[in-house]
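Here are some exercises to work through with the model open beside you. Try each task before you read its solution.

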Amino acid sequence: MKASYLTEHGGPEVLQYGELPQPVAGPGEVVVRVKAAALNHLDLWVRGGLPGLKLQFPHVLGGDAAGIVHSIGPGVSDVAEGDEVIVHPGLSCGHCDRCLSGWESLCLDYRILGEHVSGTHAEFAKAPRANIFKKPPSVSWDDAAAFGLVFTTAWQMLHRRASVQPGDTVVVHAAGSGVGSAGVQIAKLLGAKVIATAGNWDKLKLAESLGADRLVDYSTGDWVKEVKKIAPLGADVIFDHLGKDYWDANLRAIRRGGRIVLCGATTGGAAALDLAAVFFRQIQILGSTMGSKGDFPRLLGLLEAGKLRAVVDKAYPLSQASQALSRMSDRLQFGKILLHPGQ
């Protein structure tokens, strides 16, 4: 099969395109012919190498995909060859207390497709049956591929972790990113007033089309001052995946007793923390990784009903995966960048 893959960690030059063996479905597994796959910032981190991450090369990037069931392994009886499906990227043991309580991202065996095991940037991808969901007929291949990881992540951040309530003021950073565009929509769905931040007005106007109430361009000055004009006491919730470069400002922008929920650290993870500001102002700092597969059918229902929508920036042929990653690295996109293995 054709695939975009790594044989070592490094920069754009290490990503290769060529032939790899097609995966074979083992017990409880499904092989999907990929119609569309999505990029996530995680792909850049894996390409560059993460502390403690040991891969079996060649390694295929990619956590999200939508496609057609190509083959099923022993023990799989409730999906069939030809079914149109979405691949969910979160892998876990499925039987520990964390998995059974809907917190599989806390499982000691938690892994993500494309990070710990080969993923979806190929003509075929393999996943456990538990990670295969029927694609709603009205949802396009591109929208289905763009939906999984970012909406699962944003739902856990805002609903499960930060417990956003109607009337809360929520700052969503980098609203032009995949997870940011999902965060804007979910915060609105939960009844919040949304302040979207981004680095240019084109991205902010698109965030407004997703439901953002107020817009702040953080490239032009003190974004905290602009947030305080809207919410004088500070935001109730800050939705962040930028990390170090925004940390001090986040502490200034949050109200007393507010919640900062964090799922990534695009600008770096080694941030200084004023502990006195945290405990005196009773700020909650909430980490969040991915989310529960148990929430995914509900999210797919909201997608099918038009209450949530995937945001697709641009699609590339699989052979141009390196260019697609460069677009994401340069933060040029609004929403999700896709790969089409059939091209």
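Helix axes here are lines fitted to C-alpha atoms over the stretch in contact, and angles run from 0 to 180 degrees between N-to-C directions. The model is predicted, so local features need pLDDT of at least 70 and side-chain atom pairs count only at pLDDT 80 or more, while totals for chains, interfaces and linings use all residues. Residues are numbered from 1 along each chain as its sequence is written, and side-chain values use heavy atoms, with hydrogens and water left out.

**Exercise 1.** Describe how α3 and α9 pack, and find the residues that meet.

*Solution.* Start with the elements: helices (H or I, at least four residues) and strands (E, at least two) are DSSP runs, numbered from the N terminus. Next, take the geometry: the axes of α3 and helix α9 (residues 296–304) lie 10 Å apart, at an angle of about 110 degrees. Angles under 35 degrees count as roughly parallel, over 145 as roughly antiparallel, 65 to 115 as roughly perpendicular and the rest as oblique. The two helices α3 and α9 are therefore roughly perpendicular. Then list the contacts (heavy atoms within 4.5 Å): α3 brings Phe147, Gly148, Phe151, Thr152, Trp155 and His159, and α9 brings Phe296, Arg298, Leu299, Leu300 and Leu303. Finally, sort the α3–α9 contact by class: seven nonpolar, three polar and one charged residues. In this scheme Ala, Val, Leu, Ile, Met, Phe, Trp, Tyr, Cys and Pro are nonpolar, Asp, Glu, Lys and Arg are charged, and the others, Gly among them, are polar.

**Exercise 2.** Work out what surrounds α1, and how α1 meets α10.

*Solution.* Begin with the buried residues of α1: Leu42, Asp43, Leu44, Val46 and Arg47. Their cover includes β1, β3 (29–38), β4, β8 (111–112) and α10. Now the axes: those of α1 (residues 41–48) and α10 (residues 321–329) come within 10 Å and cross at roughly 110 degrees. Thus α1 and α10 are roughly perpendicular to each other. His41, Asp43, Leu44 and Arg47 of α1 make the contact with Leu325, Met328 and Ser329 of α10. After α1 comes glycine 49, whose phi is positive, near 100 degrees.

**Exercise 3.** Trace the partners of β3.

*Solution.* Two strands pair if DSSP finds at least two bridges between them. Take the partners in turn:

- β9 (residues 124–128) runs antiparallel to β3 over five bridges, and valine 31 has lysine 126 as its bridge partner.
- β5 (residues 64–72) pairs with β3 in the antiparallel sense over eight bridges, with alanine 37 opposite alanine 65.
- β18 (residues 336–340) is joined to β3 by two bridges, again antiparallel, and alanine 38 stands opposite leucine 338.

To finish, check burial: seven of the 10 residues of β3 are buried.

Key. Buried < 20%, exposed > 50% of the residue type's maximum accessible area, 1.4 Å probe, protein only.
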